[in-house]
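Please have a look at it first, and then I will go through some pairs one at a time.

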Amino acid sequence: MQATAPIPVNAPLITPAAKRYVAEAMASGWISSAGPAVEAFERRFAQWLGVKHAVTTGSGTTALHLALAALRIGPGDEVIVPDFTMIAPVCAVLYTGAKPVLVDCEPDTWTLDVARVADAITPRTRAILPVHVYGHSADMEPLLALARRHGLAVIEDAAEAHGATCRGRLCGSIGDVGAFSFYGNKIVTTGEGGMVVTDDDALAERARRLKDMAHVPGERFAHAELGYSYRMGNLQAACGLGQLEHVAEFVAAKRAMAARYGERLRGIPGLALPVTRPWAGNVYWMYAVVLEDGFALTRDDLCAELQRRGVETRPFFRSAAQQPVVRERAGVQGPFPVSERISARGLYLPSGLALTAAQIDHVCAAIGDAVAPGTARASARRRPRP
């Protein structure tokens with residue numbers, strides 16, 4: 001089988017409101033970070049998340065670095081980070097001169113294994129940086145309790161978890177500070193961009209100052225400490241305003257996507273589908289699967305077969321401990337058997353907001369055909385289409 005056009009792993013859905021706001025910003029001439037959409041996006045994002053402060057940045061990675069810098073984390077400090085993550089949080093820790101201390105992940109949610117965190121704490125530990133992976137929350141309640149006992153800050157990486165919840169609270173609003181990404185494949189996108197969020201007045205003020213070259217208050221072009229050019233432009237913020245208006249619809253679409261995938265893929269031997277813990281509200285930023293021992297193909301062979309059938313996929317993030325730059329900068333750590341196993345066996349399927357039900361059906365049929373030709377198409381024909 002072959003689709004008429006390749007199904008992309010993630011195609012964004014840009015709302016009419018976002019296009020209108022960007023056009024208005026262009027017409028106004030406000031295109032830099034001084035434009036009014038920046039402040040409006042910060043205010044409305046904070047209101048939606050239920051926090052006091054939101055500070056725009058140029059990317060999710062700069063948001064993480066800014067959060068760490070605002071907490072004055074630097075050389076000699078350690079920050080606990082999951083081994084299974086996109087490399088951005090590990091890099092952000094390295095940017096400060098601190099050491100990322102890696103911890104293995106849970107085998108089903110793929111998030112930081114909180115039960116292993118206590119053993120990683122040393123007198124140098126300053127913070128814990130959980131990542132809400134692929135839209136599922138890390139288990140924040142025991143993590144926060146552990147952090148409080150040891151006097152540690154908690155920095156949430158919510159880049160992949162817009163609208164996800166942990167015990168009824170929105171991810172990003174639970175720790176001392178949170179960081180979001182608005183990259184083109186995120187649930188709320190500005191193309192490029194990020195946000196630091198917090199309820200701490202002093203932390204927000206420091207983050208806001210550091211992101212704009214750390215000007216001395218009241219003395220432009222005077223700089224008492226090292227700052228950064230981490231600003232978001234008015235055009236990106238205008239896009240974010242239009243996207244944010246539809247975040248509830250986007251989350252509902254992601255969950256409907258996951259339900260359709262789950263219905264059609266359940267029962268394929270060796271194909272482990274994503275789980276959602278009872279306390280979590282998963283937003284399925286990416287619909288991710290892991291190939292167990294009983295699956296008919298290797299991960300790379302399946303990806304190649306799906307590509308041949310017009311379906312784009314992506315492999316899971318690589319284990320941070322296996323990255324040469326991490327080993328060079330932070331030393332050899334591990335082993336991390338869970339992270340290493342899923343890194344080698346995991347992939348995610350087309351998951352963008354522009355994905356249609358017919359495209360999901362095509363992906364599922366392609367997987368079935370790759371494993372046992374014809375089975376998935378027959379299964380799809382038996383299922384009523386909503």
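Let me begin with Glu 292, which forms a salt bridge with Arg 341, the closest N and O atoms being 3.3 Å apart in this predicted model. The two residues link distant parts of the chain, since Glu 292 sits in the loop between strand S14 (287-291) and helix H9 (299-308), while Arg 341 belongs to helix H11 (residues 337-345), 49 residues apart. Glu 292 counts as partly exposed, at 33% relative accessibility, and Arg 341 is also partly exposed, with a relative accessible area of 27%.

The next pair is Glu 106 and Arg 277, a salt bridge whose closest N and O atoms are 3.2 Å apart. Glu 106 lies in the loop between strand S3 (99-103) and strand S4 (125-128), and Arg 277 in the loop between strand S12 (271-272) and strand S13 (280-281), so this pair ties together parts that are 171 residues apart in sequence. Is Glu 106 buried or exposed? At 11% relative accessibility Glu 106 counts as buried, because the limit for that is under 20%, whereas Arg 277, with a relative accessible area of 22%, is partly exposed.

Lys 211 lies in the loop between helix H6 (201-210) and strand S10 (215-216), and Glu 42 in helix H2 (residues 36-49), so the two tie together parts that are 169 residues apart in sequence. Both Lys 211 and Glu 42 are buried.

To finish with the total, the count comes to 23 salt bridges.

Conventions. Residues numbered from 1 in each chain as written. Predicted model: local features only at pLDDT ≥ 70, side-chain atom pairs only at ≥ 80, totals over all residues. Heavy atoms only, no water. Salt bridge = Lys/Arg side-chain N within 4 Å of Asp/Glu carboxyl O. Helix = DSSP H or I, 4+ residues; strand = E, 2+ residues; numbered from the N terminus. Buried < 20%, exposed > 50% of the residue type's maximum accessible area, 1.4 Å probe, protein only.
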